[in-house]
Amino acid sequence: MPTKRRGLFIVLEGIDGSGKTTQARNLVRRLRRRGFETSFFREPTRGRFGREIRRLAVRAGSATPARELALFVSDRKENVARNIGPALEAGRVVVLDRYYFSTMAYQGAKGLDVGRIRRLNEAFAIAPDLVIVLDVDARAGLARIAGRKRRDGLFEREDYLVRVRRIFRGLRGPGVVHLDGRRDRRAVGRAIWSCVEALLPPRPRMSLGGRLRSPR
Ligand code: TYD
């Protein structure tokens, strides 16, 4: 883990349709309004490995679980080195939509060993300060995304999401918080904010122990 890191690192996780992307965007807006310099990233990224992942995802079954795992890990290594690490070193708040907990859950649900996936990632991944797992059942998640442009394939089947959710629900570790994602959007937003607020200095300019830099 880098010693120069001064920012705050927040990850949002959950199955497809759990609402994490909406909540992540709202959280970023809220942090910026309060004067915190905030970076927002997502995985898979828009980099070369992320593009390859999305290309494979539209053609169901075109990659083995091991190949998927390798691509997600390569994508993440690049994201940590180019985006997450530098932002944290600059003292920014980083909000990340999906991280290696998604790999544990999604590739684990395809039969790969969850503990091995975790170790593989923790060998290089910067540890988040907070991991919020938004929990909704697979059917509710699928119902929420039904209105979006439908891509058949890899990631969106109910039986698969049931297994993905089971792994997410079993996640334990420092900073891991499970929240009920079935409540209305604003209630979930408030619950997320109270977890985040507890980690922030009272005002951006009053950086606690030099953790966070003052705003522009
Ligand atoms: P996401 O960006 O959430 O979906 P969208 O393309 O609709 O914006 O992620 C795409 C899929 O990738 C999602 O179903 C979860 C899956 N995924 C994994 O299987 N493993 C991983 O490590 C990550 C980060 C995502």
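Both Y99 and F101 are buried (buried means under 20% relative accessible area, exposed over 50%, partly exposed in between, with a 1.4 Å probe and protein chains only). This is a predicted model: local features need pLDDT of at least 70, side-chain atom pairs count only at pLDDT 80 or more, and totals for chains, interfaces and linings use all residues. Residues are numbered from 1 along each chain as its sequence is written, and side-chain values use heavy atoms, with hydrogens and water left out.

**Aromatic rings**

- A pair of aromatic rings is described by the distance of the centres and the angle of the planes.
- Rings of Phe, Tyr and Trp (its six-membered ring) pair if their centres lie within 6.5 Å; planes under 30 degrees apart count as stacked, over 60 as edge-to-face and the rest as tilted.
- The structure holds six aromatic pairs.
- In one of them, the ring centres of F9 and Y99 are 5.3 Å apart and the planes meet at 70°, so this pair is edge-to-face.
- F9 sits in strand β1 (residues 8–14) and Y99 in the loop between β3 (93–97) and α4 (100–108), so the pair ties together parts 90 residues apart in sequence.
- Helices (H or I, at least four residues) and strands (E, at least two) are DSSP runs, numbered from the N terminus.
- F9 is buried, at a relative accessible area of 0%.
- Y99 is buried too, with a value of 0%.
- The rings of Y99 and F101 have centres 6.3 Å apart and planes at 55°, so that pair is tilted.
- One aromatic cluster is formed by F9, Y99, Y100 and F101.

**The sheet**

- Five strands make an open sheet in the order β2-β3-β1-β4-β5, with parallel pairing (two strands pair if DSSP finds at least two bridges between them).
- The edge strands are β2 and β5 (176–180), and each pairs on one side only.
- β1 and strand β4 (residues 130–135) pair in the parallel sense over five bridges.
- E13 stands opposite V133 in β4.

**Around T45**

- T45 lies in the loop between β2 (38–42) and α2 (48–57).
- T45 is buried, with a relative accessible area of 10%.
- Leaving aside neighbours within four places in sequence, T45 is in contact with G50, R51, R54, D75 and N79 (contact means heavy atoms within 4.5 Å).
- The T45 side chain reaches the backbone nitrogen of G47 at 3.0 Å.

How values were computed:
Polar contact = N/O pair within 3.5 Å; in protein donor to acceptor, adjacent residues only side chain to side chain.
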